[in-house]
Amino acid sequence: MTPDTPDTADAAVGTGTGAGTGAGTAEPAGERLRRWRLVLGGEAADGTGCALSGRDAAMDGTLAALYGKGDRAQSGRERSAGLGASAPSVARWLGDIRTYFPSSVVQVMQRDAIDRLGLASLLLEPEMLEAVEADVHLVGTLLSLNKAMPETTKETARAVVRKVVEDLEKRLATRTRATLTGALDRSARISRPRHHDIDWNRTIAANLKHYLPEYRTVVPERLIGYGRASQSVKKEVVLCIDQSGSMAASVVYASVFGAVLASMRSIDTRLVVFDTAVVDLTDQLDDPVDVLFGTQLGGGTDINRALAYCQSQITRPAETVVVLISDLYEGGIRNEMLKRVAAMKASGVQFVALLALSDEGAPAYDREHAAALAALGAPAFACTPDLFPEVMAAAIEKRPIPVPDTV
């Protein structure tokens, strides 16, 4: 085993035959040796003297095929198996890891195989795609290979992408619609609300001049309440997505959220992707799979040009939310980008900058640009898919954005 794979190895140990003991139960010495043998990989210096057989040996072989060839010279006892560039052997290996490991570990090992062994080209073969465990990262890899993909593979690739997209929609759509519907209702203020619709915070703030010190109370002359949003368009949302290679997972999630927002009649949604060019994919929002295959991951970045296009599409600034999803590495004109953001905010646009929209946290990003946006009142932070509905609700209601504590 190489030093960079302890989590995978530890998960492997936990799924082997006889692995694990009850809470508070002393672990037998033989079991401890077996677990250490699986973690260390049987190299010359592992020192366990433990031989594996049966399922343990087969599990060790699947790990060896991926992690057994480090940068150091191989000795006779080191793991020496490998996947090479053989599609049949990789297909068998994909089946094996799904036999021995849980889905979460399988996805990690697949990503490692693509990164460590250069197996991305094998995903251009239909039989390979049918064998893999689909996840957001695999979708990102497929999208990056889209232009090189042969026609015989494209339908299989679309099926893989569609499965991931449908799973994400099931997970995210209901909560997103419920959260934003509530935000739209609350943003529709009325001046003669029923008692249960009174917005007490805004009502008190608007009537502080009517405070009576002798009674220590405010006598409101004007009530402000929550309305109920009609089915007509109330808000406009522009998703502006950086499609550089590092933003692959963010592109997937943003496309799914874009489709969910577009399904809400009270929100007019526009989706724009960019590198050094700008592409408006709004007319494909009814199918996020079409959106994803309309992207082209990789290339340079011109944020200023993308924001210029988005700005040109805004017709009701005070009712518009612009969400820039980018690591902020600007290849265009930096000062113009910042001036454009400032101009949009001055016109009433709610501007949100997300360094990533994924479960992985913030990628490498341009800290200087992030600080400059924060100074303009547009904090830049990484956002998880679970937090995104709350971020959008806050932007719609024009209240402070719930920035994670880690920023």
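1. A salt bridge here is a side-chain nitrogen of Lys or Arg within 4 Å of a carboxyl oxygen of Asp or Glu. The side chains of Glu-397 and Arg-399 meet in one, at 3.4 Å from N to O. Glu-397 is buried, at 9% relative accessible area, while Arg-399 is partly exposed at 34%. (Buried means under 20%, exposed over 50% and partly exposed in between, with a 1.4 Å probe and protein chains only.)

2. A word on the model: it is predicted, so local features need pLDDT of at least 70 and side-chain atom pairs count only at pLDDT 80 or more, whereas totals for chains, interfaces and linings use all residues. Residues are numbered from 1 along each chain as its sequence is written, and side-chain values use heavy atoms, leaving out hydrogens and water.

3. The salt bridge count comes to 14. Among them is Asp-359 with Arg-171, whose closest N and O atoms are 3.8 Å apart. Asp-359 sits in the loop between β9 and α14 and Arg-171 in helix α8, so the pair ties together parts 188 residues apart in sequence.

4. Arg-270 belongs to strand β6 and Asp-280 to strand β7, 10 residues apart. Arg-270 is partly exposed at 25% relative accessibility, and Asp-280 is partly exposed at 24%.

Methods: Helix = DSSP H or I, 4+ residues; strand = E, 2+ residues; numbered from the N terminus.
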